[in-house]
Every structure is written in C-alpha cells, then in structure tokens.
Amino acid sequence: MSSTQALPLNPDQNPSGASKALTPAAKIILEDLRGLIADLGKDGGLSNGSVYDTAMVVRLAPPEEGPEAAVEWLLQQQHADGGWDNPKVLRARDMPTLAAVLALHVRGKDERAKRAVERGLEFIRQQRPYWTVLPEDLLVGVEMNLPRLLDAAVDLGLDVPVDQYAAVIEDGKRRREKLGRLKQFFPGTPPALTFEGWGTEPDPALMDPDGGIGPCPAATAAWIDLAKDRPELQEHVARARRYLKASEAGTDVRLPGVVPATWRIDLMEQGWGLFAVLCAGLLDHPLLADDENVQKHLDVLEKALSRGGIGFTKYFMPDGDDTAVVLAVLKAAKRPADMKILRQYERGQHFFTYPQETHPSLTTTAHAVMALNLVGENTEQWVRAMLDMRAADGRWLLDKWQISWLYTTAQVMLSIPDPHLMRNSVETLLDEQKQDGGWGAAGHTTTVETAFAALVLHSLRGKGLHEERIHGALARANKYLRSNYRPFVLNQEPLWIGKALYCPFRMDRAFELSAMLALALAED
C-alpha cells in the first residue's frame, strides 16, 4: 500500500481475536504498531526540533560544523505573525521567540535574519495583553529563563518591552532566592533542568554521565558558555559538546545544531508507548502480549524501576507520573508492580509529579488511580477529588504536562471505574466530535486528540451508557482516523508541555495506532 493511500473502510471479515483472520486494514495497523514498538527508546527517544533549545545552542554553543544550518532552520520556523512555536498557545511563544531573536541577532549574517529579528520583536510587543496577570499555565522554568533572555536582549541593545513581563520577573526573583538557599545542586533534578535560568557557575557536579546538564540541550549550552574559557573544565566542555551532538539524533530534523527540548526521553517513550496499548485494552491481546519487543521493553522498565520510582530517563530523578504509568503497565503485563513505590507520591487528595511542585498535576493523579485500580485498591477518595475538579460541562481542562483538554479529560475518564459518575462528561465528549469525525481542542481536528477521545469511548462500550451514540461516534472516528492515516508517518502536533511545547512522536503515534487497532478489531 502506498503511503498516501487511506485504509479500506469496509473489510470483509470481523476478527475479534487472534484466532480469526485479520482484515487488510488491521494487518497494516498491526504491522505499523509492532514496528513502532520495536523503535521505542531508539536514539534516546524522538521528538520535534525545539526552537527554544536550538536557539540557545546556536547562540551559546554552536556546533563544530557552524551555525548556518540551524540558523536557516530557525528562519524557516518563524510564523507569518513574526513569532515562533505553536500559535494555539499564545503564552508559550514569548520565550522561544525571544530566544530565536537573540540567536538570529548574534549569528544571522544577512537581511533575512535582520528582518526576522525585527518581526520577532514586534510580535513580542504585541503579546503585552497576555502578561498583565501571571498565568498558571506557564512553561517549565519560564519564570527564570525568560528574565535571563530579557537581560541578554538588553545587553545587546535590543528594544524589548521588559516592563510587560514584570510579574514573571518578580516570580523569577523569588524562585532564584529559593534556589539560592540550597547548599548543593544535583544532576538529574528540576534545578539542573533549568540551569540556563539561574546558573552562574559551571559546576561539573551537575553533569550527567553522558555529558548533559538537565538532561537538556539549552541548559547544556548555557553551561558550556560559562565554562568555555576555563582551562580546567575543557574535558567537561568536550563531553558536553558530545552530548549536544548526540542529541541531534533525537529529532526528526537531523541538522547540525537543531536539538530537541529534552534528551534523552527513552524510558518515557518505552513506558508511555506500552501505556497507550494498555489504554486500548490490547497489552494482553494475543496479537501483542508475546511480541518480543513488548517483552524487551517490559524487561527494561522492570529493571529501571527503583524503590523511588522511575523517571523519563535513567539520568533524571523519578517522578510520580512516569512511575504510575510504568507500574500500571507492569501490573497489566503480570510483572512485579509494588504499589508502595507509588504511594510515596501520595499527598492528600492527589498524587504529585515532583516534590515541592506548586500546582499538582491532574493526570498524574489519574494515572496513579489507574495503577491502583489494577490491583483492586479502593480509589474512591481520589475519584471524588477528580470529579470535583470538573468544569460545569464535564470536561477536565487544565494539566501541567499537556495543552489539550482532550488528553486531560480522556486520562481522567479512563481512571474512573463507574461511567455513570461522569455522565455529563461522556455527553460533552460526544457533543464535541467535529463534523469530520475527529476531535480537536483548538479549532481543528488532530489524529492524536481523536485517538484520546476514541480510546475513552471504546472503553465505555457495553457499559449501558449512551450505547447508540457511542457506537455511531466510534464509527465516525474510525472513518476519520482511517482517512487521515498514512502508514509509518508520524504525527507532528506539539501538544506536550515542557520548557517548550513538544511532540514525542512515538508516544503520540502509539496512542493513534492503539486506538485504530482497537477499533479495527471491534468492527462488525
């Protein structure tokens, strides 16, 4: 089948298990999913090139090949309005835009770069209305990183509206003062991840075994910039530069100097890739349960899980979200899964992701509840707390790690055992389906958001709630996903929140393919 052809919508047979012949569509989806599972964790994980991190590398620690390729890439990423990054999330654009402006001002060599800088500065000035009050949905570390960028712009003589970010600057001061009271910093912790926002001394103790700081390309570039003229640190500088070079393989771009927002993300990719399969009810399906690559990833995750939990890579501290997801996967796969590890992240009516976080993550709690449901624990208190956090129409809107309410709502709904407790949530989810059969939180449908919604509705089949509407909605969703499916071509919608918005391609693709396979196997 050509990569530009859609899958057939009317297969001849109806397989409900491995004993029945698969339809042509199911065969293709299964082959694609198996190939994706085989690649989970490869090259340290795969995500999009990050404007913010690439701009920091270009300005502070350009690659040996020179900055030209990355500069050209940055120029190509600028939008018609003069800003950079996803136009759907306006407050997430200031930091990458200012970083790109600085990089092009320092490294750009032609009129195109000069015009891009001017347009970028004008875009930033137009952002004033969005910063009059400090919002809660800030990117990770923006309260420290954005003020540092503003200081650099002022030092370079650029006309930046510093006053419009007064609330962020003040918040950053408080955060730096809090960090200043710490006597020691450790690698693989949240402070190391945001080193470029507070660091003034290139301490080698912050460096990961593979040479990264964070592990994050922007933080690593800032560390290199501070250490580059220190003779006693040149061996460490060389290691950090090797890390930046290696991180280029973690993007779909593969250009010198173009890097992802965070690298490595291998354990997250492995854990969440299998978690997507679990959400579709397919982790123990005969078609996948004995797959050698599924078992290989389970072996890796089981070994990596420590008494403190598991993080997105072995070089970063464990967190509640990855820990909950991996424990759910291991339990569903009949592997050892000690829920005492998860209970370390319990705090009253929610589970936290990292210690001392200001705002809890709703989806971390949902994932913890999913894991606890699998071992038969009473999760009523957390279910009640999550139900209390619904909007009036039944949606769950805000999360720390994803911008789409469809992701947040879907993850919470999958964690609540009794669908009758969320009747209006189901109704709203059905009402929000677009005419083309898909779902999308920002005016247009996307395949990954459609997969999130379809997985929830698929899990509600046979539960005695809006059966006819759910059946029709899934049929339309199946048609949408099939018509927009291109085998072995990854989705590229940056919906995940870190220091920049990013798209972990294989994770998102795992949700898409798992939803499609579940629907294919359930066809009448």
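Predicted model: local features only at pLDDT ≥ 70, side-chain atom pairs only at ≥ 80, totals over all residues.

Now the second largest pocket. Its volume is about 550 Å³. How many residues line the second largest pocket? The count is 25. Nearest the centre are Leu278, Cys279, Leu374, Leu414 and Ser459. By class, the lining splits into 17 nonpolar, five polar and three charged residues. Which elements give two or more residues to that lining? They are H12, H14, helix H16 (362-374), helix H18 (405-415) and helix H20 (447-459).

Let's take two of those helices, H12 and H14. Helix H12 covers residues 266-279, and helix H14 covers residues 320-332. They pack at an angle of about 55°, with axes 9 Å apart. That angle makes H12 oblique to H14. The crossing is left-handed. On the H12 side, the contact uses Met268, Gly271, Trp272, Leu274, Phe275 and Leu278. On the H14 side, it uses Asp321, Asp322, Val325, Val326, Ala328, Val329 and Ala332. Sorted by class, the H12 contact with H14 has ten nonpolar, one polar and two charged residues.

Next, H20, another helix of the pocket lining. Its partner here is helix H21, residues 467-483. The angle between H20 and H21 is about 150°, and their axes are 10 Å apart. Are they roughly parallel or roughly antiparallel? H20 and H21 are roughly antiparallel, because angles over 145 degrees count that way. This crossing is left-handed. H20 brings Thr447, Thr450, Ala454, Leu457 and His458 to the contact. H21 brings Ile470, Ala473, Leu474, Ala477, Tyr480 and Leu481. The classes are eight nonpolar, three polar and no charged.

One more pair, earlier in the chain. Helix H2 (residues 51-60) packs with helix H3 (residues 68-77) at an angle of about 145°. Their axes lie 10 Å apart. H2 passes H3 in a left-handed crossing. From H2, the contact residues are Val51, Thr54, Ala55 and Val58. From H3, they are Ala70, Val71, Trp73, Leu74 and Gln77. That contact holds seven nonpolar, two polar and no charged residues.

Now the backbone. Most residues other than glycine have a negative phi, and most peptide bonds are trans.

Start with Asp43. It is not a glycine, but its phi is positive, about 55°. Where does Asp43 sit? Asp43 is in the loop between helix H1 (24-39) and H2.

Then the Gly214 to Pro215 bond. This peptide bond is cis, with omega near 0°. Pro215 is in the loop between helix H9 (195-198) and helix H10 (217-227).

Last, Trp263 and Arg264. The peptide bond joining them is cis, and omega is about 15°. Arg264 is in the loop between helix H11 (234-247) and H12.

Conventions
Residues numbered from 1 in each chain as written. Heavy atoms only, no water. Axes fitted to C-alpha atoms, helices over the stretch in contact; angles between N-to-C directions. Helix = DSSP H or I, 4+ residues; strand = E, 2+ residues; numbered from the N terminus. Left-handed = near helix turned anticlockwise from the far one by under 90°. Contact = heavy atoms within 4.5 Å. Nonpolar A, V, L, I, M, F, W, Y, C, P; charged D, E, K, R; others polar. Parallel < 35°, antiparallel > 145°, perpendicular 65-115°, else oblique. 1 Å grid on protein atoms, 1.4 Å probe; cavity = no way out; pocket = protein on both sides within 12 Å on 5 of 7 lines; lining within 4 Å. Points joined across faces, edges and corners; volume = space filled by probe spheres on them.
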